[in-house]
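The sequence and the model are shown below.

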Amino acid sequence: MWIRERAQQLREQYKRSCPFVLAEHMKIYVLHHDLHHEINGYYKYDRRNQYIVINDNLDLNMQRVVCAHELGHAVLYKHVNTSFMQQNTFLSISRIEREANRFAAELLVPDESFYECESLHYIASLHNVPIELVKLKCLCREVSL
């Protein structure tokens with residue numbers, strides 16, 4: 001539940017849900033690099049500086065999802081450097097990776113979407129996120145009820 005509250009707090013504080021804008025407000029540097037095709041991005045903390053590195057070969061919607069995921073690392077575990085976010089990371093068994101996925105889902109998929117729409121696929125297309133992120137949000141909503 002604390003992850004949901006943290007994402008909501010950021011949205012309310014900055015009146016935005018775009019992870020790129022939030023990172024800028026939080027003075028987190030977002031860098032785009034030509035990374036290996038299996039690497040979507042990663043988070044790094046170094047000498048009081050925070051960096052999110054995103055594979056610039058990804059389409060813009062996926063870059064946004066990766067930024068939200070890595071922002072989750074920055075917000076939830078500021079001093080913990082993360083390994084690379086690889087493809088299929090939504091199935092990760094690492095607690096930190098699962099929590100960053102949950103943060104991304106909470107940030108990018110508003111609760112209201114579930115009241116207005118019947119299809120998870122429609123919600124995913126509406127917010128330009130992978131269906132796995134919507135399913136994760138849906139599952140977390142059911143658990144927290």
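## Packing of α3 against α4

In this predicted model, the axes of α3 and α4 come within 8 Å and cross at roughly 120°. The crossing of α3 past α4 is right-handed. On the α3 side, the contact is made by Arg64, Val65, Ala68, His69, Leu71, Gly72, His73, Val75 and Leu76. From α4 come Ile96, Glu97, Glu99, Ala100, Asn101, Phe103, Ala104, Leu107 and Leu108. By class, eleven residues of this contact are nonpolar, four are polar and three are charged.

| Residue | Residues in contact |
|---|---|
| His73 | Tyr43, Lys78, Thr82, Ile96, Glu97, Ala100 |
| Phe103 | Ile3, Arg6, Ala7, Leu10, Ala68, Leu71, Gly72, Val75, Leu76 |

His73 belongs to α3, which spans residues 60-76. Is His73 buried or exposed? Its relative accessibility is 1%, so His73 counts as buried, the cut-off for that class being under 20%.

The largest nonpolar core contains 36 residues. Those with the most contacts inside this core are Ile52, Leu71, Phe103, Val129, Leu133 and Val134. At least two core residues are supplied by each of α1 (2-14), α2 (19-25), β2 (39-46), β3 (49-55), α3, α4 (95-108), α6 (120-127) and α7 (131-144). The most is given by α3, with nine residues. Leu71 and Phe103 both also take part in the contact between α3 and α4, and these two residues touch each other.

Notes: Residues are numbered from 1 along each chain as its sequence is written. This is a predicted model: local features need pLDDT of at least 70, side-chain atom pairs count only at pLDDT 80 or more; totals for chains, interfaces and linings use all residues. Side-chain values use heavy atoms; hydrogens and water are left out. Helices (H or I, at least four residues) and strands (E, at least two) are DSSP runs, numbered from the N terminus. Buried means under 20% relative accessible area, exposed over 50%, partly exposed in between (1.4 Å probe, protein chains only). Contact means heavy atoms within 4.5 Å. A nonpolar core is a set of buried Ala, Val, Leu, Ile, Met, Phe, Trp, Tyr and Cys residues joined through side-chain atoms within 4.5 Å. Axes are lines fitted to C-alpha atoms, for helices over the stretch in contact, and angles run from 0 to 180 degrees between N-to-C directions. A crossing is left-handed if the near helix is turned anticlockwise from the far one by less than a right angle, and right-handed if clockwise. Ala, Val, Leu, Ile, Met, Phe, Trp, Tyr, Cys and Pro count as nonpolar, Asp, Glu, Lys and Arg as charged, and the others, Gly among them, as polar. Lists of a residue's contacts leave out its neighbours within four places in sequence.
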